Amino acid sequence: MRNKWDVHRDWFVDAALAAAVIAFTVPTTLIGYSFSLWGGAPDALEITVGAITAATMLLRRRTPWPAIVASAVCGCVTGQVVPMILAVFSMTAEHRVRRWQYVALALTVVYFVVDYRNPHTDHSVYLNIVRALTLIYLPAVVGTWVNAYRRLIRDLRVGVREREEIAASEERRKIAREMHDTVTHAVTAMVLNAGMARDTTEPGEIRELMAAIEDKGVQALGELRQLLTVLRREDGDLAEGTEAIARLVGEARASGLKVDLRLDAPPGALPRQVSHACYRLVQEGLSNVRKHAPASLVHVTCEVTGDQVAVSVVDTPDRDGAGGRTVRAAPSLGGGYGLAGIRERVSLAQGRFFSGPTPEGGFVLAARLPLRSPHG
């Protein structure tokens, strides 16, 4: 959208061109330096034609035709050809006139006739033709370049705005994923521990559960603080990686889940984005188990095999009910953005994501991510 300064600038330029037309037509009529192809045109007519031609300069951005016609008439009546030069430039610079070459050719003919008949110039046909072609076609060609340049600038500005909107949208999605994963996991664990504390009467166990709630709250606050730090600095690192998966499993076991872990991902061996995606997948998987299948047997795997890492959280029904205390299901916080966020993380890391029920009646959340970019 054009700003107020651009509008004022355009009006100033158009007014200056109108004043230039007046300066080339009216004074020459008053001092008797003008001439007409038909001879002896009244001064009032020449001044009127000059004024009308000047007024068309104020319309040149809306339509080129008034200026084109008026400048040709002005040349024939007053002998002044400068308005034709301004009109033909405006025709191509401000508009995309189809077959403008033919319009320029017609004005070239008018220019040649006026220049040749002008008693104040030479009468060399060669020089008249050169002047007509040069002073009509050259401004027209320059006008096409100006028009193309303006369109290029407009397209670039539109492209920049679109890229900025896309980048802002991606940042919002990234922040939403981080906030969802951090807050949902922490609140789910805290709600579970609070429920267990309410159901038990053992002072020692209550203290342990309260301590777990406190630790999880401190951890969540730390992750949120780190996320805010990243947003402020714009160059911070992601919060957690595969080295924190063991802690997630430990917290799940402390809350009563029956979880086994197979972790074979040496610290620092994975790219940070891949490592963080693995951490978030395990976090989301354990949170979903707490909500939907707290009595299941859970298998967490994170292994590096060749040039990729395989990570999964699989729960299967504990049909025998062996071992462990009864675990209450965590309340669902709604939203349904967890799996979508994990899918986006895996996709950004150029990996493959899978989630769905298992033949045994459980659920699997899994991904395979390359250790290096396929474009690298």
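Here are some friendly notes on the structure above, point by point.

1. **Ground rules.** This is a predicted model, in which local features need pLDDT of at least 70, side-chain atom pairs count only at pLDDT 80 or more, and totals for chains, interfaces and linings use all residues. Residues are numbered from 1 along each chain as its sequence is written, and side-chain values use heavy atoms, with hydrogens and water left out.

2. **The sheet.** Five strands make up an open sheet with mixed pairing, in the order S1-S2-S3-S5-S4. Helices (H or I, at least four residues) and strands (E, at least two) are DSSP runs numbered from the N terminus, and two strands pair if DSSP finds at least two bridges between them. Strand S1 (258–264) and strand S4 (352–357) stand at the edges with a single partner strand each, so one side of each has no neighbour in the sheet. On average, neighbouring strands of this sheet are turned by 5° against each other, direction ignored.

3. **S1 beside S2.** Seven bridges join S1 to strand S2 (residues 297–305), and the two pair in the parallel sense. Within this part of the sheet, Asp260 stands opposite His299 in S2. Helix H8 (residues 245–254) packs on the sheet and touches S1 and S2, its direction making about 170° with that of S1. Angles run from 0 to 180 degrees between N-to-C directions, with axes fitted as lines to C-alpha atoms, for helices over the stretch in contact.

4. **Helix H9.** H9 lies across S1, S2, strand S3 (308–316), S4 and strand S5 (363–370), and runs at about 5° to S3. Asn288 has its place in this helix (residues 272–292). With a relative accessible area of 17%, Asn288 is buried; buried means under 20%, exposed over 50%, and partly exposed in between, using a 1.4 Å probe and protein chains only. Not counting residues up to four places away in sequence, Asn288 touches Ala293 and Leu339, where contact means heavy atoms within 4.5 Å.

5. **Nonpolar cores.** The largest nonpolar core has 29 residues, and Val259, Cys278, Val282, Leu286, Val300, Val311 and Leu369 have the most contacts inside it. Such a core is a set of buried Ala, Val, Leu, Ile, Met, Phe, Trp, Tyr and Cys residues joined through side-chain atoms within 4.5 Å. H8, H9, S2, S3, helix H10 (338–348) and S5 each supply at least two residues, with H9 giving the most, eight residues. Leaving aside neighbours within four places in sequence, the contacts of Val311 include Cys278, Val282, Cys302 and Leu369. Another core of 27 residues lies apart from this one, with Phe35, Leu37, Met57 and Met91 among its members.

6. **Cysteines.** There are zero disulfides in the structure, a disulfide being a pair of cysteine sulfur atoms within 2.5 Å. For Cys74, the closest cysteine sulfur is in Cys76 at 9.3 Å, too far for a bond. Cys302 is in no disulfide either, as the nearest cysteine sulfur, that of Cys278, is 4.4 Å away. Cys74 is buried at 0% relative accessibility, and Cys302 is buried at 0% too.

7. **One aromatic pair.** The structure holds one aromatic pair. Phe112 and Tyr116 are stacked, at 5.9 Å centre to centre and 20° between the planes. Rings of Phe, Tyr and Trp (its six-membered ring) pair if their centres lie within 6.5 Å; planes under 30 degrees apart count as stacked, over 60 as edge-to-face and the rest as tilted. Both residues lie in helix H5 (residues 100–117), four residues apart, about one turn of the helix. Phe112 is partly exposed at 23% relative accessible area, and Tyr116 is partly exposed at 34%.
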